[in-house]
Amino acid sequence: PKPVDGLPSPRVLSPQAGGAGVVWVGTAGEGLVRVEPGRTATVAATAGLPSSHIFGLVTDRVGGLWGSTVSGVFRVGLAELDEHLAGTRDTLEVTTYGIKDGLAAAEGARTFASPAVRGGDGALIFATVGGVVLFDPPERRRPLPAPAIVFEGAHARGVAHPLGATGLSLDGPMPSLQVSF
């Protein structure tokens with residue numbers, strides 16, 4: 001094992017693999033750190049994170065990084081974090097969830113035993129001081145398919161016109177048209 005150089009604090013609370021050799025690290029008081037081979041970069045709370053104490057991190061399947069803090073659970077886009085660290089974005093767009101959103105307690109659990117995990121079905125699970133919180137991120141919610149529309153026929157000029165195998169063809173002006181489906 002080789003220690004990682006360049007961390008702003010030795011108090012690491014939550015490492016999370018982010019893909020392409022990147023590891024995101026939550027710290028106790030120094031915010032969020034991106035660790036890549038040969039370099040590190042820090043995202044401070046002043047960039048829009050709800051706290052500089054990040055207890056648990058987990059990625060979702062659509063490019064988001066979720067974390068638990070003393071101020072609640074948050075989500076921020078990984079692309080936004082990359083833009084911020086590249087200097088092309090000053091402030092992050094962070095969504096924070098707390099007691100008003102249904103959490104029994106906003107504060108994440110201060111533990112070294114995986115305070116945040118993603119289940120095999122995509123659900124995000126966080127340990128808080130008020131118990132376990134389950135998030136159902138948008139990528140898990142699949143919209144129902146629209147029902148098929150079946151046209152049955154039409155009434156034009158007061159006359160019923162059933163729908164045939166080739167459809168329906170009406171000529172001339174239609175002062176009134178009623179379609180059944």
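1. L124 stands opposite F135 in β11. L124 belongs to strand β10, residues 124-128. Strands here are DSSP runs of E of at least two residues, helices are runs of H or I of at least four, and both are numbered from the N terminus.

2. This is a predicted model, in which local features need pLDDT of at least 70, side-chain atom pairs count only at pLDDT 80 or more, and totals for chains, interfaces and linings use all residues. Residues are numbered from 1 along each chain as its sequence is written, and side-chain values use heavy atoms, with hydrogens and water left out.

3. β10 and β11 pair in the antiparallel sense over five bridges. Pairing requires at least two DSSP bridges between two strands.

4. The sheet around this pair is open and has three strands, ordered β9-β10-β11, with antiparallel pairing. Its edges are β9 (116-118) and β11 (131-135), each pairing on one side only. Neighbouring strands are turned by 20 degrees against each other on average, direction ignored. Angles run from 0 to 180 degrees between N-to-C directions, with axes fitted as lines to C-alpha atoms, for helices over the stretch in contact.

5. Another open sheet of three strands has the order β13-β12-β14. Its pairing is antiparallel. The edge strands are β13 (159-162) and β14 (177-180), and each pairs on one side only. From one strand to the next, the twist averages 20 degrees.

6. What joins β12 to β14? Four bridges do, with β12 covering residues 153-156 and the two strands running antiparallel.
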